[in-house]
Amino acid sequence: MVTLEQAVSAAARARDNAYAPYSGFTVGAAIKVVDDDTFYVGCNVENASYGGTICAERSAIVHMVSRRGRSPVEYVVVLTGAEPPSVPCAICLQVLTEFCAADTPIHLADAEGVRRTLLLRELLPQPFVLV
Ligand code: THU
């Protein structure tokens with residue numbers, strides 16, 4: 001049984017590895033999967049060709065899918081140094097929507113812990129759906 005506090009620590013450790021020489025804005029993310037005590041973490045990885053940058057949240061999703069395929073996500077932690085805590089960008093919310101239920105809690109954290117929690121559907125009420 002892992003705790004939300006441990007998930008925040010995992011996101012903070014991932015943030016320490018962020019590669020953000022252009023913006024200087026570092027982000028860590030941790031995904032908790034149901035019945036799985038491993039945190040699937042990610043950090044932002046920037047590129048000299050700015051559009052090649054991947055955000056922490058998408059990096060964590062790629063990590064989760066690479067390790068165990070599509071999985072039931074319990075919650076996501078996104079950790080920055082921002083005050084107020086940053087919400088994920090719209091591209092990340094769209095990607096999270098692909099793998100997370102609408103009522104998945106997205107915990108917004110800083111080094112001190114969780115500052116705010118919103119559901120995915122509150123952050124992206126109208127995701128794109130391919131029909
Ligand atoms: N970034 C994330 O990692 N997640 C987001 O949801 C928004 C922005 C990163 C991308 C870039 O490396 C830096 O933050 C500044 O935009």
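This is a predicted model: local features need pLDDT of at least 70, side-chain atom pairs count only at pLDDT 80 or more; totals for chains, interfaces and linings use all residues.
Q: How is the packing of two helices described, and what are the values for α2 and α3?

A: Two packed helices are described by the angle between their axes and the distance between the axes. Here helix α2 covers residues 56–68 and helix α3 covers residues 90–99. Their axes come within 9 Å and cross at roughly 25°. Angles under 35 degrees count as roughly parallel, and α2 and α3 are therefore roughly parallel to each other.

Q: Which hand does the crossing of α2 and α3 have?

A: The crossing of these two helices is left-handed.

Q: Which residues of α2 and α3 meet?

A: From α2, the residues are Glu57, Arg58, Ile61, Met64 and Val65; they meet Ile91, Cys92, Val95, Leu96 and Phe99 of α3. Sorted by class, this contact has 8 nonpolar residues, 2 charged residues and no polar ones.

Q: Which residues of α3 are buried, and why are they said to be on the same side of the helix?

A: A residue counts as buried when its relative accessible area is under 20%. In α3 the buried residues are Cys92, Leu93 and Leu96. They lie on the same side of α3 because the arc they cover around the axis is only 100°. On the other side of α3, Ala90 and Ile91 are exposed.

Q: What covers the buried residues of α3?

A: The cover includes α2, the strands β3 (73–79) and β4 (105–110), and helix α4 (120–123).

Q: Is Ala14 buried or exposed, and which residues does Ala14 touch?

A: Ala14 has its place in helix α1, residues 4–16. With a relative accessibility of 8%, Ala14 counts as buried. Residues up to four places away in sequence being left out, Ala14 touches Ala29, Val41, Gly42 and Cys43.

Q: Where is the place of Thr38?

A: Thr38 is in the loop between β1 (28–33) and β2 (39–43). Thr38 is partly exposed, its relative accessible area being 30%. The C-alpha atoms of Thr38 and Ala10 are 9.8 Å apart, and the two residues are 28 residues apart along the chain.

Q: What may be noted in the backbone at Asp35, and which bond joins Glu83 and Pro84?

A: Most residues other than glycine have a negative phi, and most peptide bonds are trans. Asp35 has a positive phi of about 55°, although Asp35 is not a glycine. Asp35 lies in the loop between β1 and β2 and counts as exposed, at 77% relative accessibility. Glu83 and Pro84 are joined by a cis peptide bond, with omega about 0°. Pro84 belongs to the loop between β3 and α3.

Methods. Residues are numbered from 1 along each chain as its sequence is written. Side-chain values use heavy atoms; hydrogens and water are left out. Helices (H or I, at least four residues) and strands (E, at least two) are DSSP runs, numbered from the N terminus. Axes are lines fitted to C-alpha atoms, for helices over the stretch in contact, and angles run from 0 to 180 degrees between N-to-C directions. Angles under 35 degrees count as roughly parallel, over 145 as roughly antiparallel, 65 to 115 as roughly perpendicular and the rest as oblique. A crossing is left-handed if the near helix is turned anticlockwise from the far one by less than a right angle, and right-handed if clockwise. Contact means heavy atoms within 4.5 Å. Ala, Val, Leu, Ile, Met, Phe, Trp, Tyr, Cys and Pro count as nonpolar, Asp, Glu, Lys and Arg as charged, and the others, Gly among them, as polar. Buried means under 20% relative accessible area, exposed over 50%, partly exposed in between (1.4 Å probe, protein chains only). The arc is that of the directions from the helix axis to the C-beta atoms.
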